[in-house]
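Hi,

Here is the structure I promised to pass on.

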Amino acid sequence: MFAGRGSRADRCPGFVSPALAHHLRMGGRFGAGARGSAVRLSVSWMMGPNCPLVEIRKSRSIVRALPANTDLWGVALSSGLSFDVLGPLRAKFRGKDLHPGPARQSALLGVLLSRPNVTMSSDELLGAVWGEAIPSSASKVIPTYIYRLRRVLAGAAVIERRRPGYTLRIDPDTVDAVRFARAAAPRSTDQVGYGQVADALALWRGEPFDGLPGPLLAQDRVRLHQLRLGLLMRRAGLDIAAGDHPSAVLDLTEIRERHPLHEQAACLLMAALYRSGRQAESLMVYSSMRLRLLDELGMEPGEELFAAHQAVLNRDERAIDRITERFAPAATATGRVEVLRSNLPAETGSLEGRNEELDRVLKVMSGARERRQVVAIDGMPGVGKTAFALRLAHTIAADYPDGQYYLDLRGHGPSPLSTADSVRSLLASMGVAAEDGLDRDEYQAAVLRARMANRRILVVLDDVVSSERILPLLPSSTGSTLITVSRNKLLALPATHTCSLPALSDSAARSLLAGLVGAERLDAEATATAQLIQACAGHPLALTLAANRLRHRPVLRISVLARQLASRDTNSVLRAESVSLLTVVSSSIARLEESERTVLAALAATGTVTTPSSLASRVARARDEVEASLDLLVDANLVAQVEDERFLLHPVIGRCVSSGAV
């Protein structure tokens with residue numbers, strides 16, 4: 001009854017609420033007797049190795065012993081509580097920001113957060129926040145600030161008064177610096193994989209405890225910067241081992257700027273540059289480091305840096321491997337992880353009649369190269385969205401040197417990819433192997449965002465059915481681009497550019513046929529060619545299937561095929577092996593509700609531009625219901641709205657509906 005779940009729920013299935021714990025500690029009453037009178041209970045506290053227990057007793061009998069997901073005062077170690085100190089101090093509880101107050105008061109909270117569950121005396125707190133400039137009213141300052149902080153943290157955490165001072169009782173993992181330090185601990189870095197390293201580095205938002213005064217926090221900043229240095233070195237080593245040398249160079253260049261005399265970072269940078277085919281630049285790192293050491297310290301480079309210079313100079317591959325192995329032993333011991341710089345499929349066939357749309361998208365993208373871009377491409381089934389997206393991707397690929405990736409989400413197939421599977425596939429393409437912790441969806445998404453941070457990466461997601469499925473896949477950094485391909489208009493996607501592909505014009509349709517069949521054959525049957533183009537109504541897939549039938553049957557006359565299209569079932573004519581126009585359209589219609597299918601069938605039966613009132617009369621439904629169905633059909637790109645309150649079904653889609661797609 002007073003139980004719940006918290007961060008230790010696996011070991012402590014229930015906990016005493018903060019209010020109840022405090023109430024009992026103060027001698028309060030709990031429960032009801034046989035006649036409804038309150039029963040006085042006693043409470044004892046046991047701090048076990050894994051979690052505290054609260055024993056609630058009635059006389060000498062234990063009424064209930066609950067794992068107290070609290071401290072002695074009932075602090076809820078809640079998953080809804082978080083403190084971020086790797087940057088400006090932020091505190092949140094159940095989605096709401098907590099405001100710790102002015103600088104000195106926030107610094108006091110920062111000091112307590114840097115030592116969670118550790119009792120610090122008033123003198124230690126004064127020295128930690130004020131240093132030697134302790135105010136004359138020192139005896140009153142700490143209690144006043146503690147009182148204010150308790151009010152800020154009410155219901156989230158408790159600052160306990162314990163001799164000889166104060167203790168902030170929280171789950172240490174609610175503090176980002178604690179998790180960061182655990183990932184960076186020297187004894188664990190050899191066992192920490194790329195995902196955990198990237199995840200830890202993603203916690204870093206800037207200068208730790210930014211803007212907060214006090215010598216203790218200044219010491220902590222130095223310590224945290226050193227831990228970050230180790231993680232950056234670890235990630236660079238893993239990147240080199242995985243073949244991602246440009247990413248390693250980025251990290252190591254940042255380290256060199258902050259630590260210009262760090263010889264180990266110089267060694268690793270030399271290895272990364274050499275592996276990138278930049279031997280001369282690698283040797284220049286050694287030369288500049290040597291001159292700086294002589295100028296500032298009057299000393300020659302150390303043995304390790306000298307050995308790295310000799311390895312690069314002599315192209316000693318094994319010696320260069322040993323440099324990397326020092327920082328990524330687990331990765332190099334098991335062989336390098338293959339990193340795909342690009343897995344974009346090749347373009348298939350010609351892209352006729354799309355120059356206008358392509359130029360328009362390229363123009364708007366060129367004006368926003370340094371921003372994150374999300375390009376949403378949509379259109380009816382078979383209109384050539386994937387071909388258009390791949391042409392766009394190959395055109396701009398050179399602008400994304402850190403990787404170009406394609407992923408088919410199979411949204412309209414029998415086994416669509418889940419969001420978690422999509423993230424896993426992209427991580428695998430980027431060389432991030434499966435490791436402990438990657439079974440959590442939110443963890444995977446965080447690793448993907450960290451992997452894409454500060455890089456120029458292009459991602460193409462094909463056959464997307466909803467915005468919700470792909471929101472975790474959005475690039476996290478400026479300079480990267482996501483291209484989505486969908487039959488639906490992704491209204492909830494934060495797209496920077498949209499492009500809805502229409503049917504082809506008659507001239508573009510003829511160019512497509514000529515490219516596959518030959519202009520001479522079309523000219524020989526000009527009238528029949530015009531009839532075929534009219535029958536396909538500019539639908540690229542219908543035109544392609546018809547052209548392939550003609551190309552593989554040289555004796556088949558165009559007039560015969562045009563007549564078959566006019567008189568026979570569309571599916572029996574426009575098909576090629578396992579691909580048919582009816583199958584493609586049916587997979588979209590299968591996702592509709594019965595009400596939308598009814599309206600779609602009515603539109604197919606009319607065969608002309610229709611109004612909602614006319615359709616409502618035909619299907620015997622209210623006009624507003626029909627309008628709602630039409631909105632959904634337009635969003636699914638199965639129906640076109642040609643004017644206000646005038647709707648039209650594409651002839652090819654209409655024939656598929658009449659042929660049994662509904």
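Below is what turned up when I went through it.

First, a caveat: this is a predicted model, so please read everything here as computed from that prediction.

**The chain as a whole**

The protein chain has 662 residues, and 50% of them are buried. Its secondary structure comes to 29 helices and 18 strands. If you take the contacts with a separation of 6 or more, 66% of them are between residues 24 or more positions apart. The accessible surface is about 30800 Å², with carbon and sulfur atoms holding 51% of that.

**Cores**

The largest nonpolar core is made of 81 residues, and Leu 113 and Leu 168 are the ones with the most contacts inside it. There is also a second, separate core with 76 residues, which includes Leu 344, Leu 522, Leu 574 and Cys 656.

What does Leu 168 touch once you set aside its neighbours within four places in sequence? Among its contacts are Leu 109, Leu 112 and Leu 113, along with Leu 153, Ala 157, Val 158 and Ile 159. Pro 116 and Asn 117 are on that list as well.

**Aromatic pairs**

You'll find two aromatic pairs in the structure. One is Trp 130 with Tyr 145, a stacked pair at 6.1 Å centre to centre and 15° between the planes. This pair links distant parts of the chain, 15 residues apart: Trp 130 belongs to helix 3 (residues 122–130) and Tyr 145 to helix 4 (residues 138–152). Trp 130 counts as buried because its relative accessibility is 12%, and Tyr 145 is buried too, with a relative accessible area of 15%.

Then there is Phe 180 with Trp 204, a tilted pair with 5.5 Å between centres and 40° between the planes. Here the partners are 24 residues apart, and the pair again links distant parts of the chain. Phe 180 is in helix 5 (residues 176–184), while Trp 204 is in the loop between helix 6 (194–202) and helix 7 (215–242). Both Phe 180 and Trp 204 are buried.

**Charges over rings**

Arg 161 has its charged end over the ring of Tyr 166, 4.8 Å from the ring centre. Likewise, the charged end of Arg 456 sits over the ring of Tyr 400, at 5.1 Å from its centre.

**Cysteines**

How many disulfides are there? The count is zero. As for individual cysteines, Cys 267 counts as buried because its relative accessibility is 1%. Cys 656, named above as part of the second core, is buried with a relative accessible area of 0%.

Thr 484 is in strand 13 (residues 481–486). Is Thr 484 buried or exposed? With 0% relative accessibility, Thr 484 is buried. Leaving out neighbours within four places in sequence, Thr 484 contacts Val 375, Ala 376, Ile 377, Leu 461, Val 464, Ile 470, Leu 490 and Leu 493.

Ser 121 is in strand 7 (residues 120–121). Its relative accessible area is 16%, so Ser 121 is buried as well, the limit being under 20%. Not counting residues up to four places away in sequence, Ser 121 touches Pro 164 and Gly 165.

Cheers

Definitions and conventions
Residues numbered from 1 in each chain as written. Predicted model: local features only at pLDDT ≥ 70, side-chain atom pairs only at ≥ 80, totals over all residues. Heavy atoms only, no water. Helix = DSSP H or I, 4+ residues; strand = E, 2+ residues; numbered from the N terminus. Buried < 20%, exposed > 50% of the residue type's maximum accessible area, 1.4 Å probe, protein only. Contact = heavy atoms within 4.5 Å. Core = buried A, V, L, I, M, F, W, Y, C linked by side-chain atoms within 4.5 Å. Areas by Shrake-Rupley, 256 points an atom, 1.4 Å probe, with all protein chains shown as cover. Phe/Tyr/Trp six-rings, centres within 6.5 Å; stacked < 30°, edge-to-face > 60°. Lys NZ or Arg CZ within 6 Å of the ring centre and 35° of its normal. Disulfide = S-S within 2.5 Å.
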